[in-house]
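Please view the sequence and the model together, and then consult the points below by topic.

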There are 2 protein chains.
Amino acid sequence: MLELAILGLLQEAPMHGYELRKELATKLGTIRAAISYGTLYPTLKRLHHAGWITESSADAAMIPPMTSKRGRVVYKITAEGKERFADLLAQAGPETYDDAGFGVHFAFFSRTDRATRLRILEGRRRRVEERREGLREVLSRATGRLDAYTQELQRHGLEAAEREVRWLEELITNERSGRTPAGPSGELHLPADPAGDAPPEPPRPHMDRP
Amino acid sequence: MLELAILGLLQEAPMHGYELRKELATKLGTIRAAISYGTLYPTLKRLHHAGWITESSADAAMIPPMTSKRGRVVYKITAEGKERFADLLAQAGPETYDDAGFGVHFAFFSRTDRATRLRILEGRRRRVEERREGLREVLSRATGRLDAYTQELQRHGLEAAEREVRWLEELITNERSGRTPAGPSGELHLPADPAGDAPPEPPRPHMDRP
DNA sequence: GTCTCGATGTATCGGCCCGATACATCGCAA
DNA sequence: TTGCGATGTATCGGGCCGATACATCGAGAC
């Protein structure tokens, strides 16, 4: 999962580990608070070994954005890495539908074609529906078998699942009718990055707050 | 985290691995769908090695509940295991407040004293509030920097965080006024298990559905 | 009658990811 | 000038997961 996220971010710009971690945190803030270095560096090493990224021990020719300093290692995606990213984006296994997997895929939806978006949204919906049914099952049989706190936990989980299903339904409806999700007050924010082969993003969204 | 859950379940009754996994799944259904055997058996081995549980290769004197058969290994908690469970229940580190840790602790709240319950609920609330603030921060600075999908993801995450904080507030209020959580329609379900040293559970709950 | 199939049941292996920890450098303010 | 907080790279032990393998039992299919 991290692999996909890293490749996706490096596709926007080369970075070193520290930046990567921060970008990861803001882009995937919903999924995991911040990626651990104990995960990040080994993963980068793995990606490098596989040939998806390069590690340039940069000193000259710094990228302007940061305060520059004497940065250490700058990671850059390769052509094969871009292919790999596209593959990972398009193909959806079971792990695509758990919390983390879905979150990462969703975060890169603006680089995903509509058909894949729909496939993933529907897969995720199915997954959450199963979870929801499981919780309903347990709760219906629970009276006397589970204590009040455990029941309350399940009830809260059930509510979250129902809410997510509704959210997914809205997103699916919007996708089918060619809309894009809306910001908090209903305005549209088109992707700011000049991603090359992105799908056509028709304007005019709509998504009312519950 | 699993250690706490296993000890807690074995305190109710001896079981073998298969049953343990099923009980774990229903009790912690909100947290993780089902524990993997690749986690369960090594953990059981670890607990056995530490002396918290015993592994009896049972054949005679089966416990009545299940269809019995020729069960393999029955796990049983030891006196030291019960002490360990009490310790784990009472002490709260940082991992007590993440999703999994909080869920497990909460699931055993009926065996926890009120002071600890309050401490854990407040710690969790603090954690979720931090997450919520982080998301608000990102969303407020996001216009133009994040594409529509990423923003929608954050928005949904923010809403979930706000909702959980509200939920926690209610629980904390109820704890302070000596109530116990309520079922879906407001009825009270006292713990069914005859847990020995459980805290006094005054009646009359109240918790309205949003 | 027997045979296959699904539920029960125990166990290992490779791999991802985390938290703790250890360093080293840079800019700035006391 | 010294020391502190942000930046930055890296490793290690350990928890947990998914895939896999294997064995037994009860029941319905044929």
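The expected span of a helix is taken as 1.5 Å times one less than its number of residues, where helices (H or I, at least four residues) and strands (E, at least two) are DSSP runs numbered from the N terminus. The model is predicted: local features need pLDDT of at least 70, side-chain atom pairs count only at pLDDT 80 or more, and totals for chains, interfaces and linings use all residues. Residues are numbered from 1 along each chain as its sequence is written, while chains are lettered from A and ligands numbered from 1 in the order in which they are written.

**Confidence**

- Chain A has a mean pLDDT of 81, and 79% of its residues reach 70 or more; pLDDT is the predictor's confidence in each residue, from 0 to 100.
- Residues 59-70 of chain A stay under 50 in pLDDT and have 5 contacts beyond four places in sequence, a contact being two residues whose C-beta atoms, placed from the backbone, lie within 7 Å.
- Residues 183-210 of chain A are also below 50, and this stretch has 47 contacts in the model beyond near neighbours in sequence.
- Where pLDDT is low, the predicted coordinates should not be read in detail.

**Overall build of chain A**

- Chain A contains 7 helices and 2 strands, arranged along the sequence as α-α-α-β-β-α-α-α-α.
- The domain assignment, which is automatic or taken from a database, gives domain 1 (2-91) and domain 2 (113-176).
- The C-alpha centres of these two domains of chain A lie 33 Å apart.
- Of the 210 residues of chain A, 36% are buried; a residue is buried if 20 or more other C-beta atoms lie within 10 Å of its own, exposed if 12 or fewer, and partly exposed in between, with C-beta atoms placed from the backbone.
- Among contacts in chain A between residues at least 6 apart in sequence, 64% join residues at least 24 apart.

**Buried faces and residues**

- In helix 1 (residues 2-12) of chain A, the buried residues are Ala5(A), Ile6(A), Leu7(A), Gly8(A), Leu9(A) and Leu10(A); their cover includes helix 2, helix 3, both strand 1 (53-56) and strand 2 (74-77), helix 4 (79-90) and helix 5 of chain A.
- Buried residues of helix 6 of chain A include Ile120(A), Leu121(A), Arg124(A) and Val128(A), and among the elements covering the buried residues of this helix are helix 7 (148-176) of chain A and helix 2 (17-27) of chain B.
- Arg111(A), in the loop between helix 5 and helix 6 of chain A, counts as buried because 21 C-beta neighbours lie inside 10 Å.
- Leu20(B), in helix 2 of chain B, touches Ile6(B), Leu9(B), Met15(B), Leu40(B) and Tyr75(B), leaving aside residues up to four places away in sequence.

- A residue is near the strand if its C-beta atom, placed from the backbone, lies within 6 Å of it.
- Of the 25 residues around DNA strand D, those that come nearest are Gly17(A), Gly38(A), Arg72(A), Gly38(B) and Thr39(B).
- Helix 2 (17-27) and helix 3 (37-50) of chain A, together with helix 3 (37-50) of chain B, each supply at least two residues of this surface.
- The surface divides into 11 nonpolar, 8 polar and 6 charged residues, where Ala, Val, Leu, Ile, Met, Phe, Trp, Tyr, Cys and Pro count as nonpolar, Asp, Glu, Lys and Arg as charged, and the others, Gly among them, as polar.
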